[in-house]
Amino acid sequence: AVGPSRPPRTVPSESSGASRLAAPGDRLGALRERAEVLGRSLRSQAEQSGAVLGKNAARLWGNVQAAWQQRLGGRAALTEAAGENLGYLADQLEAGLDESGEEAEALLAQLWLLLFGDAEPYQRQGARWRDAGFQGADPASDLKRAGMLGLRCMAYAAQEYTPRVRDIMQRHRARVRENYPLAVVCVNATLMLAELLKLRDNRYMTSQAGYWGLFEAPEAFYELFVVALLAVDKVWADRRATRDQFGAVIGEVREQARALLAAGPRSVGDLREAAVEMGLV
C-alpha cells in the first residue's frame, strides 16, 4: 500500500460525517448554495480580469473561506485519531529515505510501473527517471529532502490519480523553461504542507485548528498533497509561468493551501469540495 503501512484504523464513513456536519432545516443548504455562488463569482471575476491567481485572489477566496467556516465551525483541539496519523506522517518525514531498504525499493518500483507502465523493466537508477522530473538518474537523490513521506506522496498520487499524473508528466517531460519538473514539485509540495501542519518536531500537538477532524482519515494528507500538486499545475498554466518563477508559484500555492485548511474541512469529502469551490483545482 502507498499510504500508511500500519494496520488500518476504522475511519468514520462519509454518511456519519455528513450527519455530524448537518445543520437544522435549510441552513446547511443555504450556506452551501452561498458558497457555490461565491465560488462561481470568484472564477468569473478572475477570468474576466485575466489573473485567476493574481493579487486579488486571496481577498476573493476569503469570501468562500468564510462561508465554509460558517458551515463547519471554528477551531478544535487535536483528536487522538488525528494525532496518531499526524505522528506517523512526522515520523515518515524525519526518518529520511533508506535507499537500500525494502520499503523504499518497493515504492520506487511501484512508482516506476505507475508512471511508465510495464513496457520497459524497472530500473533503480536510469535516465528514464528524468522524464518524471527527477534531476538525475537516481530518484532517491531528489526525494531525500522529504524522506519517505515525499516518496509516499508521489506514489499515492500516481496510484490514485494515474491519468492526471501521467498527463502532467507527459506535458512537462521536456526540459525547457516553460515546463516544471514533476518530481521537484512533489518534493516541494510535501515539504510545504509539512510546514503548514507543523509536522517537524511534533509542533502540531500544541495547536488548535478547525481541520483536525480531517486528519482522522489516514489518507487525508495524501489527498491534500494531490490538491497542492494540481493547484501548482493550474497556477503554472494560468500564469504561463517559466522555471525562474518556480518559487513564486510554490509560494502562491502555499497560501492557497493555508486558505483551504483555514476553511476547516473535517473530511476528505469536505476537502475535495472546498478545493473545487475555491477554484484551486
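Let's start with Glu120: at 25% relative accessibility, Glu120 counts as partly exposed. On this scale, buried means under 20% relative accessible area, exposed means over 50%, and partly exposed lies in between, using a 1.4 Å probe and protein chains only.

Some ground rules. This is a predicted model, so local features need pLDDT of at least 70 and side-chain atom pairs count only at pLDDT 80 or more, while totals for chains, interfaces and linings use all residues. Residues are numbered from 1 along each chain as its sequence is written, and side-chain values use heavy atoms, with hydrogens and water left out.

Now, salt bridges. The term means a side-chain nitrogen of Lys or Arg within 4 Å of a carboxyl oxygen of Asp or Glu. How many salt bridges does a search of the whole structure find? It finds 14.

Take Arg152 and Glu103. Their side chains meet in a salt bridge, 2.0 Å from N to O. Arg152 lies in helix H7 and Glu103 in helix H5, so this pair ties together parts that are 49 residues apart in sequence. A helix here is a DSSP run of H or I with at least four residues, numbered from the N terminus. Is Arg152 buried or exposed? Arg152 counts as buried, at 1% relative accessibility. Glu103 counts as partly exposed, at 37%.

Next, helix H11, residues 246-262. Arg258 and Glu255 both lie there, three residues apart, about one turn of the helix. They form a salt bridge, with the closest N and O atoms 3.3 Å apart. Arg258 is partly exposed, with a relative accessible area of 40%. Glu255 is partly exposed too, at 39%.

Back to Glu120. Arg128 forms a salt bridge with Glu120, and their closest N and O atoms are 2.6 Å apart. Through shared partners, salt bridges join Glu120, Arg128, Asp131 and Arg173 into one network.

Now a charged residue with no partner. Asp142 is in helix H6, residues 139-143. Asp142 is buried, yet has no salt bridge. The nearest side chain of opposite charge is Arg175, 6.7 Å away. For charge, Lys and Arg count as positive, Asp and Glu as negative, and His and the chain ends are not counted. What does Asp142 contact, leaving aside neighbours within four places in sequence? Gly133, Phe134, Gln135, Gly136 and Val187. Contact means heavy atoms within 4.5 Å.

On to the rings. Rings of Phe, Tyr and Trp (its six-membered ring) pair if their centres lie within 6.5 Å; planes under 30 degrees apart are stacked, over 60 edge-to-face, and the rest tilted. The count comes to 12 aromatic pairs. Trp112 and Phe116 have ring centres 4.8 Å apart and planes at 70 degrees, so this pair is edge-to-face. They sit four residues apart in helix H5, residues 102-116, separated by about one helical turn. Tyr211 is buried at 13% relative accessibility, and Trp212 is buried at 2%. One aromatic cluster is made of Trp112, Phe116, Tyr122, Trp129 and Phe134.

Last stop, helix H8, residues 162-171. Thr162, Val165, Ile168 and Met169 are buried there. Seen down the axis of H8, its buried residues fall within an arc of 135 degrees, so they line one face of the helix. That arc uses the directions from the helix axis to the C-beta atoms. What covers these buried residues? The cover includes H5, helix H7 (147-160), helix H9 (182-196) and helix H10 (220-239).

Conventions. Helices (H or I, at least four residues) and strands (E, at least two) are DSSP runs, numbered from the N terminus.
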